[in-house]
Amino acid sequence: MRGTGGSGRVVLEGLFQAAVLGEIWAAHRGNRPLQLLTKPVAVPLLGLKAARRRGVAGAAERRLLVSGLLAAGVGDYYMSRSDEDGQIVRGAAAFGAMQTLYAALMVRRGYRPHARTAVLPVAAWAVAATLLAARREPDRGAVPVVLASYAAILAGTLTLAQDSAPAGVSGSAGRLIQPTRDHRTWLPAGMALFAVSDAAILLRRTLLTGARSRAAAQVFVLATYNAAQWLIVEGFLALSGPGVDMPPDQIR
């Protein structure tokens, strides 16, 4: 992960990375107090970093991005508390709000859905919904429905993110845009990694039973989730960076 320039942003970047390392260490060691301290603050620190980039993105775009990152922090807070139904529903709602804000920002920057980019996200959503239905617990009927609804929102956001035109690429291998040195490609890569992280959560929740395997899965989830958020933020900022021009009819 690279710095973004400016001492304040460098400090925020360092604090974010320290919080992420704290999360991962807490998950590895089973240190719940440290997890409760670090998990809800890591991603909002990216929001503070993005808020400082006033010369890069417009005010409306920064508000959408920062609001999405703050919503992610709310989701992290609830998801880190417990596996109780109420916490899961609140966390999923917060992450749904985050994905909706990300989608709104992408539409504003000219992203559009296409049938060819929807194939993998829709297939992934169908698998997730099927797995949730198959593993449904009789006394927790609302949770699978909420999670499946969130997965549908994520599939829509991922579909938008794979539009190749705003990323400045002519095509995409395997219907997913491959990350390059052009930071605009980091946004779709981050969205794809976000989906991978959420898939790992689903597998951990529905299939894994051993303590060691669940702990290893949690470490993987945290590492990929935070890396995805960092890539998404850097990708969004690159879309609005110097030298990036969008056709007027693509900016809403």
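1. Threonine 38 is found in helix 2; helices (H or I, at least four residues) and strands (E, at least two) are DSSP runs, numbered from the N terminus. The model is predicted, local features need pLDDT of at least 70, side-chain atom pairs count only at pLDDT 80 or more, and totals for chains, interfaces and linings use all residues. Residues are numbered from 1 along each chain as its sequence is written, and side-chain values use heavy atoms, with hydrogens and water left out.

2. Is threonine 38 buried or exposed? Threonine 38 counts as buried because its relative accessibility is 9%; buried means under 20% relative accessible area, exposed over 50%, and partly exposed in between (1.4 Å probe, protein chains only). A polar atom of its side chain lies 2.8 Å from the backbone oxygen of leucine 34, and the side chain of threonine 38 also reaches the backbone nitrogen of glutamate 23 at 3.5 Å. Leaving aside neighbours within four places in sequence, threonine 38 is in contact (heavy atoms within 4.5 Å) with Ala19, Gly22 and Glu23.

3. The protein has nine helices and zero strands. Buried residues make up 48% of its 252 residues. Among contacts with a separation of 6 or more, 76% are between residues 24 or more positions apart.

4. The largest nonpolar core has 40 residues, and those with the most contacts inside it include Leu65, Tyr102 and Phe236. Such a core is a set of buried Ala, Val, Leu, Ile, Met, Phe, Trp, Tyr and Cys residues joined through side-chain atoms within 4.5 Å. Among the elements that give two or more residues to this core are helix 1 (7–29), helix 2 (32–51) and helix 9 (211–239). Helix 9 gives the most, with nine residues.

5. Which residues does leucine 65 touch, not counting those up to four places away in sequence? They are Ala50, Tyr102, Leu105, Val233, Phe236 and Leu237.

6. The buried residues of helix 5 are Thr117, Ala118, Pro121, Ala128, Leu131 and Leu132, and they pack against helix 6 and helix 8.

7. On confidence, the protein averages a pLDDT of 85, and 86% of the residues score at least 70; pLDDT is the predictor's confidence in each residue, from 0 to 100. Over residues 242–252 pLDDT stays under 50, and the model has 17 contacts beyond four places in sequence for them. Where pLDDT is low, the predicted coordinates should not be read in detail.

Notes
Polar contact = N/O pair within 3.5 Å; in protein donor to acceptor, adjacent residues only side chain to side chain.
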